[in-house]
Amino acid sequence: MTGKRVQKLQPGLIDMVLDALLVSREENCRYLSGFTGSSGWLLISNNHTILATDFRYIEQAGKEAPNFEVIQVKGDLHSWLPRIAQDMGWHRLGFETSLPFSTYHQLKAATEGKLEIVPTAGLVENLRCIKEPAELEIIDRAVHLTDAAFEHIKTIIHPGMKEKEIAWELEKFLRQEGSEAIPFEIIVASGPNSALPHAHPSERRICSGEPVLIDMGARIDGYCSDFSRTFSLGRDEKLEEIYSIVLEAQLTAIKKIQPGMSMAEADRLAREVIDRAGYGEAFGHSLGHGVGLEIHELPTLSPNSQDVLADGMVFTVEPGIYLPGWGGVRIEDVVTLEQGKSRVLTMSRKDSRSAIFPIAV
Ligand code: ZN
């Protein structure tokens, strides 16, 4: 599996006339080699695949990355990399722009005149955004876990509960049911707090008849899911109105999104619905983002991206309307493209009144 991924990277190296690529980003190392340790570098050339790590990870590296030649290194990158490059006869080495600036600076100083180091962006990330069937299967499990957590919280949530308590109940459930460390702090935002797209759970107690926005993710075998629902414990007409607009925007985008479409076009599908309803200004973020080994990865479904959607991509579709002082509504599903069409992985209901008012109060 990982051997195939390395092969797919080769054309990128040839295009940039690189003798080798230094892969430093943790998720990229994992994707290409299988190595899950937090300290390791890959060196990939036409005929070498090297995993360099320190003594803490040597045994693990050997087991997890059988297709790589594992070497033990000590100290900072600039203290050992120039020698390897010289032994290999490399003249042009690509590095990822996510490399810390200080590390780049040291490496540049240590290789001056001997090795040209060349910035590269997205070589591995662009491979990662097309998921293999086995990756999709893991993401699907992570998505089902967030669905299950939402079902669970519905059985215990009640007016008077603090946002923080609800967030903790969700986190406990996710961990107990198999999530690794969750990918981001769970958002539980009630009433006016829900107008902040990235609110932190507070001591606020939720009341009936106001929006409650939950946004959470699970992580299984390294892969993330991302999930948002907005509901209310008790009737609220304003919420019904705003909710139906966001839902229409989301369903329209999911229905019409297809391979070959630009990210900007995909974003516009939902944005037009919200604009038409007069809330364009209140939808201030992009339509969605890729999910995989990272909670936010390619593709980016934003008005500014001319990148193109393709079969095998997995991303969120999450329009929202946020009204300061009142609150906000976001509905987020994980969606994949297969055989020219979108398929929603998230199962939690969203399309009837019982999704907005899931609990009789
Ligand atoms: Zn998201």
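This passage describes the overall build of a protein chain and then turns to one of its residues, Ala-195. The structure is a predicted model.

The protein chain contains 11 helices and 18 strands. Its radius of gyration is 23 Å, close to the 21 Å that the globule rule gives for 361 residues, so the chain is as compact as a globular protein of that length. Taken along the principal axes, the box filled by the C-alpha atoms is roughly 70 × 40 × 35 Å.

How are the residues of this chain arranged between inside and outside? Of the 361 residues, 55% count as buried. The chain exposes about 15,900 Å², and carbon and sulfur atoms supply 51% of that area. Among contacts with a separation of 6 or more, 67% join residues 24 or more positions apart. As for charge, there are 37 positive and 51 negative charges, and their mean positions are 1 Å apart.

A closer look at a single residue comes next. Ala-195 is found in the loop that runs between β7 (187-190) and β8 (212-216). Leaving aside residues up to four places away in sequence, Ala-195 touches Tyr-322, Leu-323, Pro-324, Gly-327 and Gly-328. Asp-19, by comparison, lies 176 residues from Ala-195 in sequence, and their C-alpha atoms are 50 Å apart in space.

Technical notes
Residues are numbered from 1 along each chain as its sequence is written. This is a predicted model: local features need pLDDT of at least 70, side-chain atom pairs count only at pLDDT 80 or more; totals for chains, interfaces and linings use all residues. Side-chain values use heavy atoms; hydrogens and water are left out. Helices (H or I, at least four residues) and strands (E, at least two) are DSSP runs, numbered from the N terminus. The radius of gyration is taken over C-alpha atoms; the globule rule is 2.2 Å times the number of residues to the power 0.38. Buried means under 20% relative accessible area, exposed over 50%, partly exposed in between (1.4 Å probe, protein chains only). Contact means heavy atoms within 4.5 Å. Accessible areas come from the Shrake-Rupley method with a 1.4 Å probe; for residues, only the protein chains shown count as cover. Lys and Arg count as positive and Asp and Glu as negative; His and the chain ends are not counted. The place of a charge is taken as NZ of Lys, CZ of Arg, CG of Asp or CD of Glu.
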